[in-house]
Amino acid sequence: MTASPPLLLAISTSSPALSIALVAGPKLLARHHELIGRGHAEALVPGIAALLIGQPRPQAIVVDVGPGSYTGIRIGIAAARALGLAWDVPVHGVSALALVAAAAFAANPALGDVLAVIDAGRGQAVGAVVQRASPLLPPRVISQLPSAVATAGAGAALLPPGVQPLHDHHPDAGFAGQVPPAWLVPPAALYLDD
């Protein structure tokens, strides 16, 4: 008998979206994804509590470590680490770009690689070319587009006219169960200088 995938609580607060999900492998069990702009600190813990009503306790936590909002990243990591300690479960980090790429790969299973981009503020798009099941490359400011690569993410709006993204969404915790283990990182903030 094959063991069932662990139940994961996924948290993403690095963007204007507050995104929380409960996943078991690629199966999405519960999700809350809302564009709130600001107020992640006030909304995150009550959102997690509401999401977990009637659900078993997660066996691990995956938290978006950025790049993205300095404050948002820290809010998500602090909550994930606190819950990990309280529940005695492991906490893993995942790049915001990995969540954007996972959504693109889920929408198009034939896709080989994707330029995942987020809006880094100040008119800059930050991204990385993500290849399915390969370790992620470090994020960088996108000054020119790589040729013949599909694009996805909210940062696509900042790219040159004519770029048609596969999706223009912020990182979505609902796709955390589709992130390969090679994309997981320690639960520490990821910034462009890292």
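**Entry 1. Second pocket**

The model is predicted: local features need pLDDT of at least 70 and side-chain atom pairs pLDDT 80 or more, whereas totals for chains, interfaces and linings use all residues. Residues are numbered from 1 along each chain as its sequence is written, and side-chain values use heavy atoms, with hydrogens and water left out.

I noted a volume of about 200 Å³ for this second largest pocket. Its lining includes P5, P6, L8, G25, V62 and H92, and also A176, G177, V179, P180, P181 and L184. A pocket here is an open set of points on a 1 Å grid over the protein atoms alone, where a 1.4 Å probe fits, with protein on both sides within 12 Å along at least five of seven lines; lining residues have an atom within 4 Å of a point. Points are joined across faces, edges and corners, and the volume is the space filled by probe spheres set on them.

**Entry 2. Largest pocket**

I then looked up the largest pocket, which holds about 570 Å³ of space. It is lined by 26 residues, and S14, G68, S69, Y70 and A120 lie nearest its centre. The elements giving two or more residues to this lining are α1 (40-51), α2 (70-87) and β6 (113-119). Helices (H or I, at least four residues) and strands (E, at least two) are DSSP runs, numbered from the N terminus. The largest share, four residues, comes from α2. By class the lining has eleven nonpolar, twelve polar and three charged residues.

**Entry 3. Sheet and helices**

I traced an open sheet of six strands with mixed pairing, in the order β3-β2-β1-β4-β5-β10. Two strands pair if DSSP finds at least two bridges between them. β5 (residues 91-94) and β10 are antiparallel over two bridges, and G93 stands opposite V185 in β10.

β2 and β3 are antiparallel over eight bridges, with V23 bridged to L28 in β3. These two strands form a hairpin with two residues between them, and G25 in the turn has a positive phi of about 60 degrees.

I found α1 lying across β1 (7-12), β2 (17-24) and β3, at about 25 degrees to β2. α2 lies across β1, β4 (60-64) and β5, at about 170 degrees to β4. Axes are lines fitted to C-alpha atoms, for helices over the stretch in contact (heavy atoms within 4.5 Å), and angles run from 0 to 180 degrees between N-to-C directions.

**Entry 4. Single residues**

S15 lies in the loop between β1 and β2. I recorded S15 as buried because its relative accessible area is 9%; buried means under 20%, exposed over 50%, and partly exposed in between (1.4 Å probe, protein chains only). Not counting residues up to four places away in sequence, S15 touches H40, H170 and P171.

H167 lies in the loop between β9 (150-152) and β10. H167 is likewise buried, with a relative accessible area of 9%. With residues up to four places away in sequence left out, H167 touches V100, A103, A104, T151, A152 and G153.

V141 is in strand β8 (residues 140-141) and counts as partly exposed at 34% relative accessibility.

Methods:
Nonpolar A, V, L, I, M, F, W, Y, C, P; charged D, E, K, R; others polar.
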